[in-house]
Amino acid sequence: MDLSRIDLNLLVALDALLAERNVTRAAARLSVGQSAMSSTLGRLRRLFDDPLLVREGRQLQATPFAESILGPLREALAQVDQVVNSSRPFDPRTTHRTFSIMATDYVTLIYLYPLLDQLSREAPHVSLKLFPVSSDASDQLWLREVDLLIHPLETLPSAERFRRVALFRDRYVAVTDGMASHVDVGLAPSDLTSRPFLATTIANRAAYGDVQLENLGIKTNQVIVASCVLAPFLIRGTSLLTLLPEHLAQYAAAQVDIRLLDPPVDLAPVTEAMLWLPRHDNDQAHRWLRDTFRTVVETFDMTSWNWETGRPMERTAN
């Protein structure tokens with residue numbers, strides 16, 4: 001294949017098609033017409049001598065060949081982007097770059113407000129796409145479908161493939177309804193098995209606190225909810241018991257009548273980590289995003305934040 005005859009835009013279109021698995025959405029992603037994208041798909045099929053996308057029912061699925069080139073394709077496009085932009089100084093005040101972040105609902109809930117507040121002042125033209133953690137989060141990061149992944153390090157498979165830094169560690173607390181008077185003296189280990197227990201999951205995987213209970217041989221009488229953020233609101237007026245990271249529990253306690261207690265067994269804290277691809281180490285914009293998010297997490301004080309306005313509370317003069 002003569003590389004001099006290949007239009008780089010074809011590879012950009014291929015990346016969009018394989019990401020969307022839909023001609024209409026791929027066209028919208030690149031701001032071109034649907035007929036133009038259909039024509040481009042035809043050119044790509046002739047170029048690679050492979051159908052690339054085939055219809056199965058009402059969906060388009062990538063062929064085995066298309067799946068095999070997806071990683072190298074995105075690696076090549078990333079390197080081209082780095083070459084083109086390496087000499088351009090990055091200025092967050094003027095950039096119009098879009099970043100995608102995949103994070104747990106817990107981290108998104110607590111740190112979205114302060115992050116957006118920071119960006120509105122430092123980078124008013126930056127756009128964020130926020131995605132909930134999925135079961136294939138590692139693969140999505142590896143394939144450059146997201147720029148950053150924020151995930152509990154203890155429950156993330158294949159984390160060693162990525163650069164990573166711990167943002168914070170959070171201990172687990174037991175949470176009950178605020179009117180649960182029978183726990184005034186604290187919880188006993190037997191409460192974990194005798195009382196109904198609200199277990200939480202992250203992308204269909206048990207939360208780290210619940211994993212530790214299982215490893216300790218503690219079989220809970222479970223009601224399962226797919227979001228730890230919902231848990232504090234589901235235990236109101238019930239005898240349910242749950243385990244939550246303390247930051248989340250403290251945030252929820254300001255919104256709903258719940259009680260925070262020390263767990264009746266020793267549990268290791270959960271580590272919320274930020275992960276990215278090694279190829280982004282020297283990307284100025286990506287490094288700025290990582291530094292900004294890390295600073296937000298390190299300096300954020302929940303007690304000084306006005307959750308109604310989404311801004312820090314004004315300090316009164318002494």
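**View 1. The largest nonpolar core of this predicted model has 41 residues.** Four residues have the most contacts inside this core: Ile150, Leu248, Met274 and Phe293. Zoom in on Leu248 and you find it touching Tyr106, Leu109, Ile110, Asp170, Cys228 and Val229, leaving aside residues up to four places away in sequence. There is also a second, separate core, this one of 21 residues, and its members include Ala16, Leu52, Ala66 and Ile69.

**View 2. Five strands line up in an open sheet, in the order S4-S3-S5-S13-S6.** The pairing in this sheet is mixed. Which strands stand at the edges? Those are S4 (127-132) and S6 (163-170); each has a single partner strand, so one side of each goes without a neighbour in the sheet. On average, neighbouring strands here are turned by 20° against each other, direction ignored.

**View 3. Now for the strand partners, starting with S3 (residues 98-103) and S4.** These two run in the parallel sense and are joined over 6 bridges. Look for Ile101, which stands opposite Leu130 in S4. S3 also pairs with S5 in the parallel sense, this time over 3 bridges, and here Met102 sits opposite Leu149 in S5. With S13, strand S5 pairs in the antiparallel sense, over 4 bridges. In that pair, Ile150 faces Met274 in S13, and both of these residues are among those with the most contacts inside the largest nonpolar core.

**View 4. Strand S5 is mostly covered, with 5 of its 5 residues buried.** Which residues lie on each face of S5? On one side are Leu148, Ile150 and Pro152, and on the other are Leu149 and His151. Both faces are covered, and all of these residues are buried.

**View 5. Helix H5 (residues 105-122) has 18 residues and a kink.** Its end C-alpha atoms are 25 Å apart, which agrees with the 26 Å that the helix should span at 1.5 Å a residue. Where is the kink in H5? Check Tyr111: a bend of about 50° lies there, shortly before the proline Pro114. Both Tyr111 and Pro114 are on the list of buried residues of H5, together with Tyr106, Val107, Ile110, Leu115, Asp117, Gln118 and Leu119.

**View 6. Gln212 has its place in helix H8 (residues 208-215).** Is Gln212 buried or exposed? Its relative accessibility is 11%, and the cut-off for buried is under 20%, so Gln212 counts as buried. Leaving out residues up to four places away in sequence, Gln212 touches Tyr172, Leu267 and Ala268.

**View 7. Stepping back, the chain has 11 helices and 15 strands.** Of its 318 residues, 45% count as buried. How much of the contact count comes from residues 24 or more positions apart? Among contacts in the chain with a separation of 6 or more, such pairs account for 76%.

Technical notes: Residues are numbered from 1 along each chain as its sequence is written. This is a predicted model: local features need pLDDT of at least 70, side-chain atom pairs count only at pLDDT 80 or more; totals for chains, interfaces and linings use all residues. Side-chain values use heavy atoms; hydrogens and water are left out. Buried means under 20% relative accessible area, exposed over 50%, partly exposed in between (1.4 Å probe, protein chains only). Contact means heavy atoms within 4.5 Å. The expected span of a helix is 1.5 Å times one less than its number of residues. The bend at a residue is the angle between axes fitted to the seven residues ending there and the seven starting there. Two strands pair if DSSP finds at least two bridges between them. Axes are lines fitted to C-alpha atoms, for helices over the stretch in contact, and angles run from 0 to 180 degrees between N-to-C directions. A nonpolar core is a set of buried Ala, Val, Leu, Ile, Met, Phe, Trp, Tyr and Cys residues joined through side-chain atoms within 4.5 Å.
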